[in-house]
Amino acid sequence: MAVTACQGLGFVISLLGIAGMIAATCMDQWSTQDLYNNPVTAVFNYQGLWRSCVRESSGFTECRGYFTLLGLPAMLQAVRALMIVGIIVGVIGLLVSIFALKCIRMGSMEDSAKAKMTLTSGIMFIVSGLCAIAGVSVFANMLVTNFWMSTAGMYSSLGGMVQTVQTRYTFGSALFVGWVAGGLTLIGGVIMCIACRGLVPEESNYKAVSYHASGHNVAYKPGGFKASTGIGPNTKNKIYNGGARTEDEMQSHPSKYDYV
């Protein structure tokens, strides 16, 4: 019961993490305009992995996609690749974990096979979560670098007054969604790996003893058994196998097949 609950918990947490990763990848607010020095503005800019948007004060929003691939920064393309790889690996891990659940029976599948599938899905979830965390962290580092570079050149002193000459961008909501989603997927993968240990069958070692039945190694012939009914030394003379050996000889020279 504990193994089933552990598997179910890991599956649900990983499912939420994968859903969050997909949502974060599709969101447009990866970077938003910093309004610290300009709280009142007619337009508000924010950017995502696939397009940039402008929202006017009237509520009208216009988005324009990135219709180029080579013209994009290398870091942005790396973030795209990490998020897509994380989603693909996570979805495959979900499919594997569904068949690995102990509460679902697929024919005559043994617990050892389910344990291997559970471990495989857990490793996939861990890789997926690490890809998402890495992608979001790379984008955040790019934002921080551009923010401070913009800060260094955006202010100019003119008569003791500070004027803003460049738009700065800060963290958007998609970054926090991506971090949380990656963490959930990573935790779900660890739980699945822990649940794998409970599915491995315990090995029992038994001492094997070889047994050879002596009756299978003695050939009898019809009419080959003779026993005397008189009193004397012939009483114990019993002939086996056509008179080849007597009972006294067999008792004095036991065969190797008479013992276990």
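So, is Ile92 buried or exposed, or partly exposed? Partly exposed, as it turns out, with a relative accessible area of 39%; here buried means under 20%, exposed over 50%, and partly exposed in between, using a 1.4 Å probe and protein chains only.

Quick housekeeping before I go on. This is a predicted model, so local features need pLDDT of at least 70 and side-chain atom pairs count only at pLDDT 80 or more, while totals for chains, interfaces and linings use all residues. Residues are numbered from 1 along each chain as its sequence is written, and side-chain values use heavy atoms, with hydrogens and water left out.

Back to Ile92, then. Ile92 sits in helix H2; helices (H or I, at least four residues) and strands (E, at least two) are DSSP runs, numbered from the N terminus. Together with Trp50, Ile84 and Ile88, Ile92 makes a nonpolar surface patch of about 340 Å². For a patch, we take residues with over 30% relative accessible area and no salt bridge (a Lys or Arg side-chain nitrogen within 4 Å of an Asp or Glu carboxyl oxygen), and join nonpolar side chains (Val, Leu, Ile, Met, Phe, Trp, Tyr) within 5 Å, or like charges within 9 Å. Areas are Shrake-Rupley, with a 1.4 Å probe, and for residues only the protein chains shown count as cover.

Now the inside. The largest nonpolar core has 23 residues, and among those with the most contacts inside it are Trp30, Leu49 and Phe139. By core I mean buried Ala, Val, Leu, Ile, Met, Phe, Trp, Tyr and Cys residues joined through side-chain atoms within 4.5 Å. Helices H1 (2-26), H2 (74-100), H3 (111-154) and H4 (173-199) each supply at least two residues of this core, and H3 gives the most, with 7 residues. Leu49, leaving aside residues up to four places away in sequence, touches Thr25, Met27, Trp30, Tyr66, Leu76, Val79, Arg80, Met83 and Phe139, where a contact is heavy atoms within 4.5 Å.

On to the strands, which pair if DSSP finds at least two bridges between them. S1 (31-33) and S2 (43-47) run antiparallel, joined by 2 bridges, and Ser31 has Gln47 as its partner in S2. S2 also runs antiparallel to S3 (51-56), with 5 bridges; those two form a hairpin with 3 residues between them.

Last stop: Gly122, in helix H3. Gly122 is buried, at 0% relative accessible area. Cys193 is 71 residues away from Gly122 in sequence, yet they are 5.2 Å apart, C-alpha to C-alpha. Gly122 touches Cys193 along with Gly189 and Met192, again not counting residues up to four places away.
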